[in-house]
Amino acid sequence: MSEFRIEKRRAEAALTLATGTTVRGCFFLSGSSASRSGPERVADLLNAETGFFPFELHGVGSPQTVLYNRTQLLFVALLEEPVESKLETDYSIAKERAVRILLSNGSALEGQVRVYRPSGRDRLSDYARAPEAFRYVETADGTVIVNAEHIVEFRETTQA
């Protein structure tokens, strides 16, 4: 084994691309995050850089690694437990907002978002102005990570 090899763990996910295609496979994640304590999460990887990221594509014969452009990614459905959004330090005390999100391809997501801001600055509009490009949304079907560049509209709902 090479001394330059860095051990990665795989995280199963389904990517929905701007083309309308959904692909299944896995991300390669580090055992530790460069931006916070604990293991790297999919959102950490997506928010760390711009440009392309590697993804192991399944379902096309033998698995193969492809590169996807972050700007062309609408959202990621996480297919593993435990849900990584719950690993956020302030998860249990963050303000929860029920939302409907309209995406650039015309599809909509309904669920909850957590607003990690001080009291009085924890409105949906504060969440919308957050600097992270990729954000968690907890839906009835599981957790997704949405690319904010493809969000057309946020609408607060009474229930998700």
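**View 1. Arg155 and Glu153 form a salt bridge.** The closest N and O atoms of Arg155 and Glu153 are 3.0 Å apart. A salt bridge here is a side-chain nitrogen of Lys or Arg within 4 Å of a carboxyl oxygen of Asp or Glu. Arg155 is partly exposed, at 46% relative accessible area. Glu153 is also partly exposed, at 26%. The cut-offs are under 20% relative accessible area for buried, over 50% for exposed, and partly exposed in between (1.4 Å probe, protein chains only). The model is predicted: local features need pLDDT of at least 70, side-chain atom pairs count only at pLDDT 80 or more, and totals for chains, interfaces and linings use all residues. Residues are numbered from 1 along each chain as its sequence is written, and side-chain values use heavy atoms, with hydrogens and water left out.

**View 2. Arg10 pairs with Glu56.** Their closest N and O atoms lie 3.1 Å apart. Strands (E, at least two residues) and helices (H or I, at least four) are DSSP runs, numbered from the N terminus. Arg10 is partly exposed, at 44% relative accessibility. Glu56 is buried, at 12%.

**View 3. Arg100 meets Glu110 in a salt bridge.** The closest N and O atoms are 3.7 Å apart. Arg100 sits in strand β6 (residues 95–103) and Glu110 in strand β7 (residues 108–115), so the pair ties together parts ten residues apart in sequence. Arg100 is partly exposed, with 29% relative accessible area. Glu110 is partly exposed too, at 42%.

View 4. Side chains of opposite charge can pair when their charged atoms come close. The whole structure holds ten salt bridges.

**View 5. The largest nonpolar core has 22 residues.** Such a core is a set of buried Ala, Val, Leu, Ile, Met, Phe, Trp, Tyr and Cys residues joined through side-chain atoms within 4.5 Å. Leu15, Phe27, Leu46 and Val76 touch the most other members. At least two residues each come from β1 (9–17), β2 (22–29), α1 (42–48), β3 (52–57), β4 (64–69), β5 (73–78) and β8 (134–139). A second, separate core has 14 residues, including Leu74, Leu103, Leu109 and Leu124.

**View 6. Contacts of Phe27.** Contact means heavy atoms within 4.5 Å. Leaving aside neighbours within four places in sequence, Phe27 has contacts that include Arg10, Leu15, Leu46, Phe53, Phe55 and Val76.
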